[in-house]
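Here is a short briefing for your next look at a model.

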Amino acid sequence: MSNQLVFLQEYIQRYRGKVKNEQNGIATFFDNLILSEGNAFLENKMQDELSTKILERAIDTLSLSGQNRYVEVVSRITRLPFSDLDGYNRLCSQGVSNCFHWKGYPLFKSTYDLAIYQMMLSEIKPATIIEIGSTYASLCWLKDMSDLFNLQACIVGIDQNYPGSIPKNIEFRQGNVSEIHRLLPQERLLSLPKPLLIIEDAHFEVLTVLRYLGNVLTPNDYLVVEDSLRKQDVVLEWAKEMNNQFVVDTYYTDFFGINTTTAVNTILTRLKE
């Protein structure tokens, strides 16, 4: 802990300013940890061993996440191929006694991803949203969120199974993602309004999908690869093939702690040309 005192002092000052200037004086749970427990530690008043361990973990999270928002994929995966979200909490994040539902249908998004996507939609303002691996509920949710933020986004769903019905004004393409070039022809992708938000949630032929999309995505487009803790090697291979043209947007991946999302190191955008 002694080697992190400078970090702690810096974060205390930063969080004081954040609470005062950005949050109208209202502190989050994490703010209180840094400000209250951090000050107590610096003043040698912290006696509780558990509190000390929690503070140490918080400082580790802040220092490991770093100052830079955009980090090259290869560097990020090599350095941080893990998540602050432990295995059990990850398992619980979609629901325990029942699956999280949207409009009466099961929506297999984690509680963290639901919040992160809403921030992304509000801030990135995608003009087109493409979900590879769609369900009726996920398409409804994306449409409703698009309407909520007044995006009027073009929404395209892709899956090998037809969901039974399609929400109004949504385009659906049925087929195997091994033929992603047929499901999403390059000329169609290039004609779609920008920026794009593409979600890979099919978990099949991931490298094939990434290779194809990597050649059509431009700066300000976003690509999210869900459930990617087990896909790190595939994403790393692809990123190397792309000569590090893509970066991880750590503002989103680390919003609730390092990689506290199903998209571990895989909320991606292309470097500016």
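**Pockets and cysteines in brief**

Helix 1 (5-22), helix 2 (29-42), helix 3 (49-65) and helix 12 (250-253) each contribute at least two residues to the lining of the largest pocket. Please keep in mind that this is a predicted model. The largest pocket has a volume of about 1200 Å³, while the second largest pocket holds about 300 Å³ of space.

**The largest pocket**

- A total of 33 residues line the largest pocket, and Tyr15, Leu62, Asp254, Phe255 and Gly257 lie nearest its centre.
- Helix 3 gives the largest share of this lining, with six residues.
- Sorted by class, the lining of the largest pocket has 13 nonpolar, eleven polar and nine charged residues.

**The second largest pocket**

- The second largest pocket, with its volume of about 300 Å³, is lined by 24 residues, of which Gly133, Ser134, Asp159, Asp201 and Ala202 are the closest to its centre.
- Its lining splits into five nonpolar, twelve polar and seven charged residues.

**Cysteines**

- How many disulfides does the structure hold? The count is zero.
- A disulfide is a covalent bond joining the sulfur atoms of two cysteines.
- For cysteine 140, the closest cysteine sulfur is in cysteine 99, and at 14 Å it is too far for a bond.
- Cysteine 140 counts as buried because its relative accessibility is 6%.
- For cysteine 154, the closest cysteine sulfur belongs to cysteine 140, and the 16 Å between the two sulfurs is too far for a bond.
- Cysteine 154 has a relative accessible area of 22%, so this residue is partly exposed.

Definitions and conventions: Residues are numbered from 1 along each chain as its sequence is written. This is a predicted model: local features need pLDDT of at least 70, side-chain atom pairs count only at pLDDT 80 or more; totals for chains, interfaces and linings use all residues. Side-chain values use heavy atoms; hydrogens and water are left out. On a 1 Å grid over the protein atoms alone, a cavity is a set of points where a 1.4 Å probe fits but cannot get out, and a pocket is an open set with protein on both sides within 12 Å along at least five of seven lines; lining residues have an atom within 4 Å of a point. Grid points are joined across faces, edges and corners, and a volume is the space filled by probe spheres set on the points. Helices (H or I, at least four residues) and strands (E, at least two) are DSSP runs, numbered from the N terminus. Ala, Val, Leu, Ile, Met, Phe, Trp, Tyr, Cys and Pro count as nonpolar, Asp, Glu, Lys and Arg as charged, and the others, Gly among them, as polar. A disulfide is a pair of cysteine sulfur atoms within 2.5 Å. Buried means under 20% relative accessible area, exposed over 50%, partly exposed in between (1.4 Å probe, protein chains only).
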